[in-house]
Amino acid sequence: MFIGLALSIPKMSGIREYDNCKMYDINYTEILAKNIRMADTKWPVTVCRHGWTYNFTGYPYATVATEQNWVCDDDALPTYAQSIFFLGAIVGGLLFGWIADKFGRIPALVGCNLIGFAAGVATAFTMNFWQFALMRFFVGFAFDNCFTMMYILVLEYVGPRYRTFVANMSIAIFFTAAACALPWIAYFIANWKLFAIATSAPLILVVLTPFFIPESARWLVSQGKVDKAISILKRLEKVNRKHVPTGTFQTFSASCMKIKQEENKNNSYSIIDLFKTPRLRRTTLLLIVIWMAISLVFDGHVRNVSTLGVNVFVTFTVACFTEFPADTILTLILDKWGRRWLACGSMIASGVFSLLATLVPPGIYFAALAIMGRFFVNISYNIGLQYAAEILPTVVRAQGVAFIHIMGYVASIIAPFVVYLEKVSPVLPLVILGGLGIIGGLLALLLPETLNHDLPQTLSDGEEFGRGQSIWDFPCLTKKVDEDSDLEVRPTNFVRSAQTGASLRSSTRAELRSSILRRSVNSRYSSKL
């Protein structure tokens with residue numbers, strides 16, 4: 001074997017390894033007849049003519065890349081396919097964000113999952129790159145949307161006191177369990193086509209969603225469908241075994257109808273409305289830039305697992321398991337420390353650990369530092385999911401969150417190419433990810449804090465949200481007036497403007513004792529904090 005390689009395969013310039021893509025262009029019959037057993041580096045060279053033999057030590061099964069020989073001149077095709085996948089995510093985000101705000105959260109949730117199911121299963125039957133890329137494009141339609149639509153739906157039902165627990169523990173338990181199981185499902189199935197089918201088929205269960213999950217009452221109110229919202233709230237009243245006086249529902253309905261008339265809810269809203277007023281425009285642009293940084297760093301760490309020099313299945317599992325402690329820690333401290341400073345600190349920590357990893361040789365320490373970078377960007381990612389949904393007003397929340405995620409997909413398109421730079425230098429991807437993490441963390445300080453504040457409902461709420469806050473405001477230094485009202489009192493040195501909406505908010509709370517009803521109406525009023 002060694003004589004065959006030495007005679008037929010040239011070595012790459014400057015190193016001692018054999019070139020995987022070239023062979024000497026000579027008459028081997030004549031060479032062997034002359035008893036020549038070592039190659040002459042001056043011999044002409046050509047591309048390999050007889051196919052390739054693959055080393056399955058790292059991945060003990062054929063992949064789409066090895067099956068279709070995406071190597072040598074075609075070795076960038078997997079990277080292109082992944083970028084096309086994110087292009088599909090961009091189109092899907094725009095489409096389903098619009099559907100969610102126009103027709104409701106449930107239709108958008110069902111639609112994106114069904115497309116993901118069909119395209120995911122069809123991926124297993126593709127025969128060439130363009131067929132594969134097309135199916136990945138449509139799978140991208142469902143990517144993230146299948147999750148964010150449910151995420152928005154849940155947050156719109158949950159009040160400020162429980163947002164963090166519901167938003168993070170669901171990810172900590174279910175996402176972590178599935179992500180940790182994923183590499184071992186691939187390992188034991190040992191067939192990329194069956195793996196594509198096995199991971200896509202469960203999405204068909206989404207057709208049962210309308211029978212178990214109600215439409216967002218908050219969205220229904222924003223569309224003027226108050227009676228339907230009240231019918232859903234009465235169902236929740238029975239499920240939760242609570243009693244809400246009939247007069248409360250009547251007051252709620254009257255308040256919503258009055259707001260509908262004042263706000264002229266017949267108007268349709270789009271993401272363009274987020275850029276029409278200065279403060280909301282600034283906040284939206286900051287969310288976009290920060291989420292692009294988070295997405296690129298997060299996706300870069302996910303894809304960089306295979307370059308860490310340790311068993312990829314074990315490394316992927318350990319890296320995914322960091323979701324659990326990250327989300328658990330968030331659940332414990334996010335409602336005490338707030339969103340802004342935690343987002344800043346976790347992103348900077350991710351950047352620092354990524355940069356530290358570049359200072360050690362490949363191996364266990366290199367992998368450990370890189371995984372710590374992944375751990376902290378997990379925290380940033382989950383804060384970012386909740387942060388955007390809390391800051392943007394209800395009337396454009398789904399479109400706005402989808403648009404911000406779309407910009408994240410734009411950044412994620414670059415992620416495969418960042419990881420591809422490992423061929424230039426093993427540490428270059430981590431240098432880029434580390435620098436972006438630090439920059440994104442510093443920008444997070446410019447966002448308003450959302451802890452203990454009602455979700456903004458109207459565009460005017462969104463414009464006034466966070467007014468008067470200082471960059472040095474720490475929620476852990478605030479004190480609540482009482483537990484029943486979600487009002488708070490800041491230390492005097494942190495108060496910068498009068499809370500002009502406080503009396504209106506207090507009177508509304510006195511009328512509506514139900515927690516869900518109270519938050520639904522309160523958020524309709526502008527709170528100039």
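Visitor: Is Lys-193 buried, exposed or partly exposed?

Guide: This is a predicted model, in which local features need pLDDT of at least 70, side-chain atom pairs count only at pLDDT 80 or more, and totals for chains, interfaces and linings use all residues. Residues are numbered from 1 along each chain as its sequence is written, and side-chain values use heavy atoms, with hydrogens and water left out. Buried means under 20% relative accessible area and exposed over 50%, with partly exposed in between (1.4 Å probe, protein chains only). Lys-193 has a relative accessibility of 27%, so the residue counts as partly exposed.

Visitor: Which residue meets Lys-193 in a salt bridge?

Guide: Side chains of opposite charge can pair when their charged atoms come close. A salt bridge requires a side-chain nitrogen of Lys or Arg within 4 Å of a carboxyl oxygen of Asp or Glu. For Lys-193, the N to O distance is 3.6 Å, and the partner is Glu-67.

Visitor: How many residues apart are Lys-193 and Glu-67?

Guide: Helices (H or I, at least four residues) and strands (E, at least two) are DSSP runs, numbered from the N terminus. Lys-193 lies in helix H9 and Glu-67 in helix H3. The pair therefore links distant parts of the chain, its members being apart by 126 residues.

Visitor: How many salt bridges does the count come to?

Guide: Asp-101 also forms a salt bridge, with Arg-105, their closest N and O atoms being 2.6 Å apart. Asp-101 is buried at 5% relative accessibility, and Arg-105 is buried at 1%. A further pair is Lys-276 with Asp-273, at 3.1 Å from N to O. By the rule, the count of salt bridges comes to 4.

Visitor: Is Lys-276 buried or exposed?

Guide: Its partner in the salt bridge, Asp-273, counts as buried at 11% relative accessibility. Lys-276 has a relative accessibility of 57%, and therefore counts as exposed.

Visitor: Where is Asn-69 found?

Guide: Asn-69 has a positive phi of about 55° although it is not a glycine. With a relative accessible area of 31%, Asn-69 is partly exposed. Its place is the loop between helix H3 (64-67) and helix H4 (77-103).
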